[in-house]
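User: Please walk me through this model in short questions and answers.

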Amino acid sequence: MTRLFKVTVNGREYDVAVLEMTPGAAPTAGATMAAPGFSGDASTGAAPAAPVPVATHATAPSGAATSGDEVAQLGGVVVQIDVRVGQTVTQGQSLLVLEAMKMKNHLLASRAGQVTRVLVAAGDAVEAGQPLLTIQ
């Protein structure tokens, strides 16, 4: 049975889904097993399931990138957006900053054009390959 929780980490709230395991129950498809050396719950031997990332920005797309989309090269958190809809950008211009593994990475425009959509906001968690904005 999957249970939903709200967890706060470093002042930021996340919605997580956790698969509840009962003693002797076989894990279902998609269940996360414990890493070697992790004892989990000593009374049942069950390991806690890992948090499931949940999109926090209502306008973030879940589909594949389309023509003109600039996508995240790695997963991380958007910390700064340097452009706005309607702005003209040049190739190589900084579009936004992603933080991943405590490093800040600038997403640079792969083409010149006009920003037609910004699909994320500062503070959003993104995955590698996720469209972030569109340049036409």
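The turns below go from the overall fold to the salt bridges and then to the turns.

User: What kind of model is this, and how are residues numbered?

Analyst: Side-chain values use heavy atoms, without hydrogens or water, and residues are numbered from 1 along each chain as its sequence is written. This is a predicted model, where local features need pLDDT of at least 70, side-chain atom pairs count only at pLDDT 80 or more, and totals for chains, interfaces and linings use all residues.

User: How many helices and strands does the protein have?

Analyst: Helices (H or I, at least four residues) and strands (E, at least two) are DSSP runs, numbered from the N terminus. Along the sequence the pattern reads β-β-β-β-β-β-β-β-β-β. The count is zero helices and ten strands.

User: What share of the protein's residues count as buried?

Analyst: Buried means under 20% relative accessible area, exposed over 50%, and partly exposed in between (1.4 Å probe, protein chains only). The protein has 136 residues. The buried share is 26%.

User: What fraction of contacts with a separation of 6 or more is between residues 24 or more positions apart?

Analyst: A contact means heavy atoms within 4.5 Å. The tally covers contacts with a separation of 6 or more. Residues 24 or more positions apart account for 53%.

User: How many salt bridges does the structure hold?

Analyst: Side chains of opposite charge can pair when their charged atoms come close. The criterion is a side-chain nitrogen of Lys or Arg within 4 Å of a carboxyl oxygen of Asp or Glu. The structure holds three.

User: Which residue forms a salt bridge with D69?

Analyst: D69 is found in strand β3. The closest N and O atoms of the pair are 3.2 Å apart. The partner lies in strand β8 (residues 113-118), so the pair ties together parts that are 48 residues apart in sequence. That partner is R117.

User: Is D69 buried or exposed?

Analyst: R117 has 38% relative accessibility, so R117 counts as partly exposed. D69 has 10% relative accessibility. D69 therefore counts as buried.

User: Which side chain makes a polar contact of 2.5 Å with D69?

Analyst: A polar contact is a pair of N or O atoms within 3.5 Å; within protein, one must be able to donate a hydrogen and the other to accept it, and residues adjacent in sequence count only if both atoms are side-chain atoms. Leaving aside neighbours within four places in sequence, D69 is in contact with R111, R117, P131, L133 and T134. The side chain at 2.5 Å is that of T134.

User: How far apart in space are D69 and V115, C-alpha to C-alpha?

Analyst: In sequence, D69 and V115 are 46 residues apart. In space, C-alpha to C-alpha, the distance is 9.7 Å.

User: Which residue forms a salt bridge with E70?

Analyst: E70 lies in strand β3 (residues 69-71). The partner sits in the loop between β7 (103-108) and β8, so the pair ties together parts that are 41 residues apart in sequence. The closest N and O atoms are 3.1 Å apart. The partner is R111.

User: Is E70 buried or exposed?

Analyst: R111 is partly exposed, with a relative accessible area of 30%. Contacts of E70 beyond four places in sequence include L95, L107, Q130 and I135. At 5% relative accessibility, E70 counts as buried.

User: Which residue meets E13 in a salt bridge?

Analyst: The N to O distance is 3.7 Å. E13 is partly exposed, at 48% relative accessibility. K6 is exposed, at 53%. The residue that meets E13 is K6.

User: How many bridges join strand β1 to strand β2?

Analyst: Two strands pair if DSSP finds at least two bridges between them. Strand β1 spans residues 2-9 and strand β2 residues 12-19, and they run antiparallel. V7 has Y14 as its bridge partner in β2. The number of bridges is eight.

User: Which residue takes a positive phi near 50° in the hairpin of β1 and β2?

Analyst: The hairpin has two residues between the strands. The residue with phi near 50° is N10.

User: What is the phi of K102?

Analyst: K102 is found in the loop between β6 and β7. K102 is exposed, with a relative accessible area of 79%. Its phi is positive, in a residue other than glycine, and near 65°.
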